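Hi everyone, thanks for coming.

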Amino acid sequence: MSTAAATHDDHHDHHHAPTGLKRWLFSTNHKDIGTLYLWFSFAMFLSGGFLAMVIRAELLEPGMQFVDPEFFNQMTTVHGLVMVFGAVMPATVGLANWMIPLMIGAPDMALPRMNNWSFWILPFAFTILIGSVVMSAFGAGNPSAPNFGWTFYAPLSTKYGPASTDLFILSVHMMGISSIMGAINVVVTVFNMRAPGMTLMKMPLFVWTWLITAFLLIAVIPVLAGAVTMMLTDRHFGTSFFDAAGGGDPVLFQHVFWFFGHPEVYIMILPSFGIVSAIIPAFARKPLFGYASMVYATASIALLSFVVWAHHMFTVGMPLAGTLFFMYMTMLISVPTGVKVFNWVATMWRGSMTFELPMKWAIAFVVLFTCGGLSGLMLAITPVDFQYHDTYFVVAHFHYVLVTGAIFSIFAAAYYWLPKWSGIMPNKTLGELHFWNSLISANLLFFPMHFVGLAGMPRRYADYALQFADYNFWISIGGFWFGLSQLLFLAVTVLCAMKKGEKAPAKPWEGAEGLEWEVPSPAPFHTYDTPPVVK
Amino acid sequence: MSDEQLSVEQRNKRTLKKLLIWAVAMFGFAFLMVPFYNVICDVTGLNGKTSSTAATQAPETVVEDRTVTVEFITQKGDGISGEFTSETKRVKVHPGEITLVHFFASNPTSSDMITQSIPSVTPGEAARYLHKTQCFCFDQQTLLAGERKDMPMIFYLDPEIPSHINQFTLSYTIFDVTERVAGKNNSVAAN
C-alpha cells in the first residue's frame, strides 16, 4: 500500500480554528474528538479503578474493615458500570475517531457534528451516575447509589432498587445514545469515505473489527435501552414486565439483558483484536498471517455472539436441550477466536521480532487473553458452570479478558499511536516500568481469583470465609500495585501532551504499515483533504 | 438515483437513515422479546410456567400402572401477613386421574385485600403435562377483612407425561395486588 501524503500545513492559516475551551466544546474535528474520548476514558479508568481500590481494601482482610456491606455493593456495581461504559467503550471509540479516517484516507468522520454530540453526552451521563456515588458517600440520610451489580437484575433493580436507580436509568440511556451515534458514524465513514482504491478487503484490520463492532452496537444497545425502559415503567408506571405479582417474569430480564450483554463483551474486545493485528505485523516485520481469515473470523464471532447469551444464566433452570444448545454454541466461538490467536502466533513465527513497548503489550495481550479465553471455555461447560457460577472464578475470567485483554490492547494502541497523536515518543523508562509493573501486578491480582473461585468464594460479598484470607491478601496487594502502576501511564501521556520528550518522525516504527504513517507526526489538524490513491 | 450519482453528503445521509431505522427497530425488538418469551414459555413450559387457562378436555384414559408424586409448596409474597397453606403437602396420582387440592389463604387485617397467586413448576419440563381444570390462580382472589378462604385447585396429569418424571413440585406464591388494581383498575394477566 503506497500513497502520496496529502496534507496541507499551509491550510491552517486560512482556517481560524477556535482555540481554548471553544476548540474542545464545539469541535467537529475527528482528531480533537478522539483526544477528548481518550482523555475521558482514562479519567473514567482511574475513577473506576479508585472504586476497585475500595473493594480490595475491604477484602484485604476477612471481617468488616472500612465500608459497610451496603456501600460495598455500590462499589462493585459502579466499578463495573464505569469500567465497561466509561473506560473501555469510550477508549475504543476514541481510537476509532483518531485512526479510522487516517487509516482509510478520509478527511474526517462522515458526520462530524453528530460526533461532537456523541462525545459531549458522555460527561453528563457519568456525572449523573458517579454523582449518585458521591451523594451516597457524603450525603445526609444515606441515600444509596445503584447497588444491584452492573448486570442490574430485576427485581433487585426494579422492586428493591434504591431511588438512584432512576438516575442510573437516565445515565444508561444517555450512554446508549452516545454509543449508537458513535457506531453509526463509524459505519457511514467506512462505507462512504474510503479513499479511491481502498476496497473493503484492503482495509486495515482495526477498521474491519471496528466496522463489525459498530454493527453490533447498533444491534444491541437499543435492546439495552429497551431493558432499562421496561425497568423504568415497572418502577413507576404500573407495568409488570419483570414483576411476578403482575404476571411478569424476572427471568425475562436476564434474557433481555444478556441478549445485549453477550454481544457487548465482543463490542469491548473486537477493537482489541484489530489493534493487536496492526501491532504484531509491525514488530514482527511480516504481513499479518491470514488477513482474510481474520476478517471472516471476526464476522463469525459477531454473528455467534447473538446465540450464546443464555450461557450467563445456566442456573436459572433451563431445559436440558436449551443448556446443550447454548453450551455448544459457546464452545463454537472458540473456533474463530482460535483462528485469530493462531494467526497472531503465525505472524510472529520466524519474523524479525523486536520488543518495543507496543509489541510488549500486544504479546502480553495474546498470552493473557488466551488464558481468559480458556477459563471462558471452562465456564461454557454447563455442569461445571453450576459450580463456578457467581464465584471468583467468573471474576478472574472476565478480568483476564477485559483487563489483560481489552485494556492491555488499549495500552498497546496508545504506545503505538501516541507518536502520531502527539509528535512525541512515549517516555521509554516510564513505559517499561508501566508495562512490567502492570504485567506482574495484574497476574498477582487476577490469577489467585481462579483458586478462591474454584474453592467456592462467591462474588459481590463484602466478606469471606477465613480459609480465603491468604489469597485475598495477595489479591489486594496485586490490586493496589496495579492501580498505582497506572499513574505511570498518566505520567507518560501527560509528558506527551506537554510535548516533553524525543520528537517522533512520521513513521516511528520501522515495520509499521498503513496510511496513518504517511502523514507527519503529530498528525496535522486536517489530513487527506485530497484523498490518497491506494494501489 | 444510483449511488454513484450522489454526492458524499447525500450518500452519508442515506446510510445514516438506514442505520437509524435499524437502531429504532432493535429498540422495538427488545419489547418484542416479551411476547416472544411468553409464547416460548407457554409452548415449552420453560421456567415452569403452567397454563393460565383452564383445561376443558377431560383426560381420555387413566394410566393405572404409573404413579407420579406431586408436591405443593406455598410462599407468601410482599404484603401478605396472613396464612397461605395447602391442605395437602404431597399427593400420589395416576396420570389422567382428576385430583382436588385445597389451599387456604387468610386476611387478618382490617381491610379487604385482592390477591394474585403465581404458579411455578420444578422441574420446568413437567409444567406442560399439568392440566388444571380449576385454579384460584386463574383469577384475582378477594380476601375480605378477617376472612379465611378455601381456594380449591383441580388438576390432572397428561397421560403422555414422560416416564422419567416421577415427581415434581408445584409452587404458589401469593401477592397482595390491592394497590396495583386500585392504581390501574385494569385487569392484570395471570399466568
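This is a predicted model: local features need pLDDT of at least 70, side-chain atom pairs count only at pLDDT 80 or more; totals for chains, interfaces and linings use all residues.

Residues are numbered from 1 along each chain as its sequence is written, chains are lettered from A and ligands numbered from 1 in the order written, and side-chain values use heavy atoms, leaving out hydrogens and water.

So, how many disulfides are there over all chains? Taking a disulfide as a pair of cysteine sulfur atoms within 2.5 Å, the count is one. It links C135(B) with C137(B), S to S 2.4 Å. The link of C135(B) and C137(B) is right-handed, with 130° about the S-S bond. Both C135(B) and C137(B) are buried, meaning under 20% relative accessible area, with exposed over 50% and partly exposed in between (1.4 Å probe, protein chains only). Over in chain A, C496(A) counts as buried because its relative accessibility is 1%, while C371(A), at 22%, counts as partly exposed.

On a 1 Å grid over the protein atoms alone, a cavity is a set of points where a 1.4 Å probe fits but cannot get out; lining residues have an atom within 4 Å of a point. The largest cavity holds about 100 Å³ of space. It is lined by 14 residues, and those closest to its centre are F85(A), M89(A), P90(A), V93(A) and S179(A).

Methods:
On a 1 Å grid over the protein atoms alone, a cavity is a set of points where a 1.4 Å probe fits but cannot get out, and a pocket is an open set with protein on both sides within 12 Å along at least five of seven lines; lining residues have an atom within 4 Å of a point. Grid points are joined across faces, edges and corners, and a volume is the space filled by probe spheres set on the points.
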